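Reader: I'm new to this one and would like a close look at a single part, with a bit of its surroundings. Could you walk me through it?

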Amino acid sequence: MLRCNICNSSTEPAEETSVRSNVRKFRQEQFRIWRCATCHSIHARDEVDLAHYYSAYPFHNLGEEGDVDWMLQAMYRSQWRRLVDAGLQREHAVLDYGCGGGAFVKFLRQRGYQNVHGFDEYSPTFGDRKVLEARYDTIVTQDVLEHVAEPWDFLRTLDGLLAPGGSVLIGTPNADALSLKDPESTVHALHQPYHRHIFSKQALTSLGDKLDWQLLRYYRSQYSNTLLPFVNQRFVLHYFRACDDTLDLVSEPIQVKNPRLYSPATF
């Protein structure tokens with residue numbers, strides 16, 4: 001029997017498998033994962049030294065030098081529009097919790113949002129916990145919830161950081177959409193060993209209800225799925241597979257001379 005720390009049930013797994021890491025330095029390592037039979041969320045089974053794995057984390061290289069490039073600009077405009085639709089205003093205090101290298105923090109500041117802060121405990125630039133002593137009108141947690149060891153504790157932390165009437169953007173994979181029968185096909189969403197707990201939609205909305213949060217909007221598609229050619233999740237996955245299929249590619253120059261990109265599948 002295994003305990004699901006999302007729905008708090010003890011159950012035999014509905015599914016179990018193992019999957020490689022999608023970070024280049026660790027791609028030869030395999031990690032076990034399982035699905036809860038009650039809430040259908042997915043969990044990492046192995047306890048690991050996360051500081052060791054985050055020491056080579058590609059997203060920490062984004063936004064540390066120079067301007068945010070045109071592809072990130074396109075993706076971040078999509079994210080920004082979602083925040084505006086949910087009530088973001090220029091005078092709001094904004095926290096990007098789990099900001100990595102701070103690329104989205106930089107993007108918002110460039111658009112005139114001056115009271116924007118970032119926090120990431122594994123980032124040398126944004127690891128100062130003093131920012132967690134304030135309250136925020138808008139909190140962004142893009143691809144963070146699935147990384148934490150205790151999701152309930154994390155959601156309570158967010159609740160305590162919110163100013164009255166504030167809003168939280170939670171971007172996270174949907175466990176219902178991920179196959180454990182063919183884990184290589186969803187290796188980037190499973191993202192081991194970094195993703196500790198991946199929520200099903202029902203499990204996430206249920207926890208929001210328990211915190212007395214009101215669901216303002218739900219998006220089935222990632223913010224990175226833009227209308228620009230090649231700037232969408234489908235192309236990114238195609239590009240990964242045409243190269244070495246690791247997440248490191250997001251922080252490296254585009255391999256425009258890669259012959260595998262010049263095929264009918266690309267266009």
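Reader: Where is the place of D69?

Author: D69 sits in the loop between α1 (50-54) and α2 (70-85); helices here are DSSP runs of H or I with at least four residues, strands are E runs of at least two, and both are numbered from the N terminus. A quick note first: this is a predicted model, where local features need pLDDT of at least 70 and side-chain atom pairs count only at pLDDT 80 or more, while totals for chains, interfaces and linings use all residues. Residues are numbered from 1 along each chain as its sequence is written, and side-chain values use heavy atoms, with hydrogens and water left out.

D69 is partly exposed, at a relative accessible area of 42%. On this scale, buried is under 20%, exposed is over 50%, and partly exposed is in between, using a 1.4 Å probe and protein chains only.

Y262 is exposed, with a relative accessible area of 57%. Together with I254 and V256, Y262 makes a nonpolar surface patch of about 330 Å². Such a patch takes residues with over 30% relative accessible area and no salt bridge, joining nonpolar side chains (Val, Leu, Ile, Met, Phe, Trp, Tyr) within 5 Å and like charges within 9 Å. A salt bridge means a side-chain nitrogen of Lys or Arg within 4 Å of a carboxyl oxygen of Asp or Glu, and accessible areas come from the Shrake-Rupley method with a 1.4 Å probe, where for residues only the protein chains shown count as cover.
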